Amino acid sequence: MSRLSRRVAVMWAGISLSCACILAVQVAWSCQLKKTWSVDDSFTVTINQPQYGAKFPCGAEVACSGSATDKDRWTTEDGGGGTADDSIAWYAWEKNGGTWKNGVSGGANVTWIAPDTAGLYAITLTADDVDGRPPGDEGSRDDAVGSKSVAVTVDATPPTCELTAPQDGAWLKKGHPPSGNGDEIALRATASDPETGIIKVAFYVSQDYVNWSLKGEDTASPYEAMWDTDYSNTGVWYVMAVAWNGAGMTGSDVHTITLFHIDLQTNGLRWLEGNVQVITVADSEEDSPGAFIHYNKDNDNGNVDDEGNPIADCTETGPVNGENDTIHMIMTIDPLPTSGSIVLSRGNSNAKVWSASDKGADRGVLVGSSSRTWNMADPSDRANYQACAGALWAEGCGDGSSTLTLTLKDPGGGTVGWDALLHTYIAALCGRQPKPAERTSLSGSFPKLVHCEWSITGEATDAYNCIAWSVGETSWRYHPVASVPGTNIIGIDQEYGNHNSVFELDSDLDPFYQTKTGYTPTASGPSDAQVMYYSGYHAARRKGCSDGAGKWIMYESKCGDAERIEHLYDQLDGSTYGSRVRYYK
Amino acid sequence: MGRWHEVSTSRRPIRLVLVLGMVTAVSILTFCRYTGTSASQQDVEALFTQAYREWIDYRSSLKTMRSDVDPMVAFDHNSFRRIIALGVPVLPYAVAQVQEDHVLGYAIYKISKARLHVRRSATRPREYVWTVDEFPDIRETHGPPDSRLLWKRWWTEYRPTVRARFEELHREWRLARSEGKSADAERLYAAMHDLGVLALPAILATISTGERDLAPLVSELTDGALKTDVTAEQAVAWWAKNKARWTLPEQQSPAPAPETKEETAPAAQ
C-alpha cells in the first residue's frame, strides 16, 4: 500500500471514531430525563433561643440563635419523583426594642441587648432559600421568605425578699444530735415580683459574711428551709434569704442572730434512749429533755440508826461531813450573754441544788426556792453565775422525781431555749440502803455500782450463792464441779452435767437451768432474759422492781457469801465476775 | 466418934465443903438422871455450841464475792475439827442444827461415816430423777434431795434400823463368803461399812462372839483406833474402854425417854 493510501485510511478511521463518540454522547443525553421542580411547603424557620416567654432583666445580653430548613420536590415525565434539601441563602433578625450587640443582626446567631424599659418584646428571625434548580430542569425551587417570632419579657424591677424567721438580732438555741430530732431552726422568708414572679428562695448562713453555706431552697410560698445546728458553732451568725424572679433578678435579706449552746449536764448521768448507758453524756449525744439521773432519796453521810441503817440527811443544811451522794451538775450557756437572764428551776422540792458538794447554809441554790435567776446584765450577778456554772450539786429528797431546768431568756424576757434533767430516785426502795461498810465492800468489788442505784435485798450468808439465787433457792450452794457430801453444796458438773470434772456451759450449766427452771440460753440480752450468766461464774436474776428503779433493767445477785443486792444489769460487769456471756429465759 | 469429932472439930470447914460438894454432886446426878442428860453429854453440848460458834465466825471471815471458791476451805479450821472430834455424842445436836445450816451436814457425814446412796437416773435434762436407796419414797425431779431432809430422816427413821440392817447384811456377807461369792461379799462389806459408826455396837457384839473378821471394819469406821489384827477379846476390851466416843448416850446407859429429855431440856440450860 502506498504512503498516500495509508494516510487516507488513517484519516478515514479517525473521522469514523469521532463520529462514533458524538453519537454515543447524543444517545446518553437523550437517555437523562428532565425534572420538574416545585417548592412544596416545607420551608421552616425556628428560633432556638430565646424561648417563647423567656424573661430577662433590663440590659441583659440575650443570645439568639435560629435555623431554617427547606425541602423541594421534583418529578419526571416517566412518573418518577422525590425531594432534595435546599440551601438557606440568608438569616435576618428583627426586634421591636433593645439593640443588637455590635450592630450585628444577620446570621444564625446574634446577641440581643434587652431594652431598659420593662415590657413584652418580640424577636423575629427571617430566612430565605436559594433556587438550586439544575440547568434544563423546569419549575422553581425558590420559596418565599420564612420567619419566626418569639415574645420575651423584660423585667426592670428585682424581686422583694424579706426574712421573717429568725428575727434580726434573735437569740437561738443550738440544736443537738442526732440530726432530724426536731430541734432544727426554721428559716422563713416572703418574696414577690409582680412582673416575672418568684422562681425560688434560697437560704444561706455565714459567720464571716464571706463564706455562705446553703441551707435549703424553696420554690413555693411560704418559703422555708430548716437549719440543723447540731454541729454548728455557737456565737454570731448571719442568715440570708435570696429570692430569684423569672428574669433571673435577685432580692435578698440578711439577719444577724446569736446561737447559744444551752446545756444542763451532770456527771454520772445515764442516757436512757435505746438503753444506751453513758456515764457522762457528751453534749453531742445528749437528748433533751428526758435525761435521767438518779438521786438518793435517803442521803447518807455515814450516820446510822440503832440498827445500823443509814439516816437520811437530805433535811440537813450542812455542811455535812462525809456527804458523798450529791451529784455534780454543770450549767453551760455558750457564749456567755451580757444581757438577758439565766434561770435554774426545779419541778418540785424532791430535788435540791447546792453550790457545794457538802452543802452549807449559805450555799443553797435551789433549796428554799423553786428557781434562781441570774441577771446577766448585772456584772456581779453574771460573776455569780460564772462561779456557780461549773459547781452545782444536785441532791434528792423524797420519793418521786423532779425536773431541773436551765433556761436562757433574751433581753426582752423571751425564752431562748432550755435544757432539763429529770432526776428520779432509784433502787433504794426495792431493798435497804447499804451500810457504809457494805457500800465500801461491794463498791470495791464492783466499781460500776453507783450509790443509790443499788440496794441490799438479802443479808450475807454462805448458805446459798448466786447460782442458787438465780433459780430462787436460799438453802443451796452450787459449785461448778465439786459437791460436798452431806450438804447442799452441789457440783453442777457432777449432779446436772456430764460429770467430767470440767465445768462447761453447754453440757453442765444449760442442763442445770433446764432442769431447775426450764430456761434455755435463748434470750437476746438483759432486756428479755430471766437469768444472766457471767464468764467469772456468776449468775444474776431478773428483778422486777416497779418503783423508781422500774425505769431501768434491774437484776438481783447473791454475791458469793456476801449480800444479795439489786443492781442495774451492767453494774457487776468487771474484773470480779467478768462479762455477761449467756442469757437464759 | 471421938476421933471423928476431934477430927471433925479440927477440920470443920473442910468437912463442910465436902458435905456441900457431895450434896451438890448428888443433886446434879439426880438432875441429870431425871433429865436424861449425863454430865459428859452436857459437856458435849457446851463444847459443840462453843466450837460451832467459832466455826460460824470463821466462815463469816471467809466472805467472798465469788461462788467458785473451794468449798472445802470452810471446813479447814480447828473449830470444825473439834466438832468432829466430839464424835458420835455430838450427833443429836448436829442433826438438830443442820436443819438451819446445811453446811454442817459435812460434820455429820464425817462423824457418822454414814453413806446414803443418792442416784440420778436418765441422761437428759428435765428427765432426771434423783432417788435415794435408803428412802425409796424419795423421788426428786429438779435436783438432788435436800441434805437436811435426808439427815432428819436418817436420824429418825434410819438410825433405829441400823442394828437390824447390819445383822441382815452380816448374815448375807457370811453366806457369800462361804459360797465363795467374792464380789457379793465385797459389795455387802461395803454396805456394812456404809451403815456408819452407828453400827459399831452391833459389830462389836458380833465380834464378841468370836468373829474377829469384822475387826478391819471397826478399824475403818474408827479411823484406825482399833488395830485390824486384834483378837476378838482385845476388840471387846477396846470397845469397853472407848465406846463413849462412838456411841450415843442411850447406847451407853439405860436410855431415857426422849419425851422426858425434851420436856426437861429448858431446865437443863
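Trainee: Among contacts in chain A between residues at least 6 apart in sequence, what share joins residues at least 24 apart?

Mentor: Two residues are in contact when their C-beta atoms, placed from the backbone, lie within 7 Å. For chain A, 65% of the contacts between residues at least 6 apart join residues at least 24 apart. For chain B, the share counted in this way is 53%. This is a predicted model: local features need pLDDT of at least 70, side-chain atom pairs count only at pLDDT 80 or more, and totals for chains, interfaces and linings use all residues. Residues are numbered from 1 along each chain as its sequence is written, while chains are lettered from A and ligands numbered from 1 in the order in which they are written.

Trainee: How many helices and strands does chain A have?

Mentor: Helices (H or I, at least four residues) and strands (E, at least two) are DSSP runs, numbered from the N terminus. Chain A has 6 helices and 37 strands. Chain B has 14 helices and 3 strands.

Trainee: What percentage of the residues of chain A counts as buried?

Mentor: A residue is buried if 20 or more other C-beta atoms lie within 10 Å of its own, exposed if 12 or fewer, and partly exposed in between, with C-beta atoms placed from the backbone. By that count, 41% of the 585 residues of chain A are buried. In chain B, 28% of the 269 residues are.

Trainee: What is the strand order in the open sheet of 6 strands in chain A?

Mentor: Strands pair if DSSP finds at least two bridges between them. In chain A the order is β30-β36-β35-β34-β33-β37, and the pairing is antiparallel. The edges are β30 (455–458) and β37 (580–584); each has a single partner strand, so one side of each has no neighbour in the sheet. From one strand to the next the twist averages 30°. Within this sheet, β35 (554–558) and β36 (564–568) of chain A pair over 5 bridges in the antiparallel sense. There, S557(A) stands opposite I565(A) of β36(A).

Trainee: How many residues of chain A are in contact with chain B?

Mentor: 31 residues of chain A are in contact with 26 residues of chain B. On the chain A side, the elements giving two or more residues are α4 (466–470), β31 (477–479), β32 (489–491) and α6 (505–516). The largest share, 4 residues, comes from α6(A).

Trainee: Which residues touch the most other members of the largest nonpolar core?

Mentor: A nonpolar core is a set of buried Ala, Val, Leu, Ile, Met, Phe, Trp, Tyr and Cys residues joined through C-beta atoms within 7 Å. The largest has 96 residues, and those touching the most other members are M532(A), I83(B), I108(B), M192(B), I203(B) and V218(B). Leaving aside residues up to four places away in sequence, I203(B) touches F166(B), L214(B), L217(B) and V218(B). A second, separate core of 51 residues includes L172(A), V205(A), Y223(A) and L392(A).

Trainee: Where does S208(B) lie?

Mentor: S208(B) is in the loop between α10 (200–207) and α11 (215–221) of chain B. S208(B) is partly exposed, with 15 other C-beta atoms within 10 Å. The C-alpha atoms of S208(B) and E233(B) are separated by 6.9 Å, although these residues are 25 apart along the chain. Not counting residues up to four places away in sequence, S208(B) touches A232(B) and V236(B).

Trainee: In chain B, where is confidence lowest and where is it highest?

Mentor: pLDDT is the predictor's confidence in each residue, from 0 to 100. The mean for chain B is 82, and 78% of its residues reach 70 or more. Helix α14 (258–268) of chain B is lowest, at a mean of 31, and helix α6 (105–112) of chain B is highest, at 98. Residues 1–14 of chain B have pLDDT below 50, and this stretch has 1 contact beyond near neighbours in sequence. Residues 253–269 of chain B are also below 50, with 12 such contacts in the model. The model scores ipTM 0.80 and pTM 0.58.

Key: Axes are lines fitted to C-alpha atoms, for helices over the stretch in contact, and angles run from 0 to 180 degrees between N-to-C directions.
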